[in-house]
Amino acid sequence: MFTKIEHGPLMDRVYRHQRHFYDATRKYYLLGRDPMIAGLNPPERGSILEIGCGTGRNLVLTGEAYPKTSLYGIDISNEMLATAHKKIEAVGLGKRVHLAHADAADFSPQTLFRRRHFDRIFISYAVSMIPQWQTVVQEAVSHLAPNGSLHIVDFGDLADVPLIARKALYTWLDWYHVTPRNELFDVADAVAAKNNATVHKQRLYRGFSWITTIRRKSA
């Protein structure tokens, strides 16, 4: 079936059981996902890739919001991909959504999906779980079409969240191998400068969530 990738077995263990109730519980604290999807604004018949597609929840909403686009998703967890396949088929998006098992830090869209670039790529609450996340950001930008954009939503620095709540959240996140990337905006700036791109940044909910958009300029 799928070849094993380092870090994949860990994610499979984490989500083997959680995937069945993941969406029902995460909606209370994975904030900013829907505003991020609303801000994709792809070309009418554009292509959209989600890196770390998980249960497929975001791809379903993206498919509904942009009904003429082609959708793609990769994930390192076979367990999550199994759930994503079921969810996507259940809502009738099976012909528009293409899923593959892959390492976000090193993948070939040509090999996986027979295409070189995407008009939009998004990463939702995954950089905080990927050890080599900075490499993933650079890898994603390299697969953008001219005028394409990478959209990332994840935990922010929680700067304006009360200290006791911040400490409790950090402890809880650590149980699930999640590490907020407080340097996300700085990394986005560096990647954009290296790739002839621009950056837009948003701080939501008192710094609980950050959204950053890296947009490539025309060729």
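This is a predicted model: local features need pLDDT of at least 70, side-chain atom pairs count only at pLDDT 80 or more; totals for chains, interfaces and linings use all residues.
## Helix 9

Helix 9 spans residues 184-194, and its buried residues are L184, F185, V187, A188, V191 and A192. These residues lie on the same side of helix 9, because they cover an arc of only 160° around the axis. An α-helix has 3.6 residues a turn, so residues three or four places apart point the same way. The exposed residues D186, A193 and K194 are found on the face turned away from the buried side.

The buried residues of helix 9 are packed against helix 7 (133-142), strand 5 (144-155), strand 6 (197-204) and strand 7 (209-216). After the helix comes N196, which has a positive phi near 55°.

## Aromatic pairs

The model contains six aromatic pairs. In one of them, the ring centres of Y72 and F118 are 5.4 Å apart and the planes stand at 65°, so this pair is edge-to-face. It links distant parts of the chain, since Y72 belongs to strand 2 (residues 70-75) and F118 to strand 4 (residues 118-124), 46 residues apart. Y72 is buried at 7% relative accessibility, and F118 is buried at 0%. Ring pairs also join Y72, F113 and F118 into a cluster.

How are the rings of F185 and W210 arranged? Their centres are 4.2 Å apart and their planes are at 15°, so the pair is stacked. Because F185 lies in helix 9 and W210 in strand 7, the pair ties together parts that are 25 residues apart in sequence. F185 is buried, with 12% relative accessibility, and W210 is buried as well, with a relative accessible area of 4%.

## Salt bridges

Five salt bridges are found in the whole structure. One of them joins the side chains of D34 and R57, at 3.0 Å from N to O. This pair links helix 3 (residues 33-38), which holds D34, with helix 4 (residues 57-65), which holds R57; the two residues are 23 residues apart. D34 is partly exposed at 40%, whereas R57 is buried at 19%, under the 20% limit for buried residues.

K68 and E44 form another salt bridge, with their closest N and O atoms 3.0 Å apart. K68 lies in the loop between helix 4 and strand 2, and E44 in the loop between helix 3 and strand 1 (47-51), so parts 24 residues apart in sequence are tied together. K68 is partly exposed, at 42%, while E44 is exposed, at 54%.

Helix 9 also takes part: its residue D189 forms a salt bridge with K201, the closest N and O atoms being 2.7 Å apart. Elsewhere, D157, D160 and R203 are linked in a network of salt bridges.

Technical notes: Residues are numbered from 1 along each chain as its sequence is written. Side-chain values use heavy atoms; hydrogens and water are left out. Buried means under 20% relative accessible area, exposed over 50%, partly exposed in between (1.4 Å probe, protein chains only). Helices (H or I, at least four residues) and strands (E, at least two) are DSSP runs, numbered from the N terminus. The arc is that of the directions from the helix axis to the C-beta atoms. Contact means heavy atoms within 4.5 Å. Rings of Phe, Tyr and Trp (its six-membered ring) pair if their centres lie within 6.5 Å; planes under 30 degrees apart count as stacked, over 60 as edge-to-face and the rest as tilted. A salt bridge is a side-chain nitrogen of Lys or Arg within 4 Å of a carboxyl oxygen of Asp or Glu.
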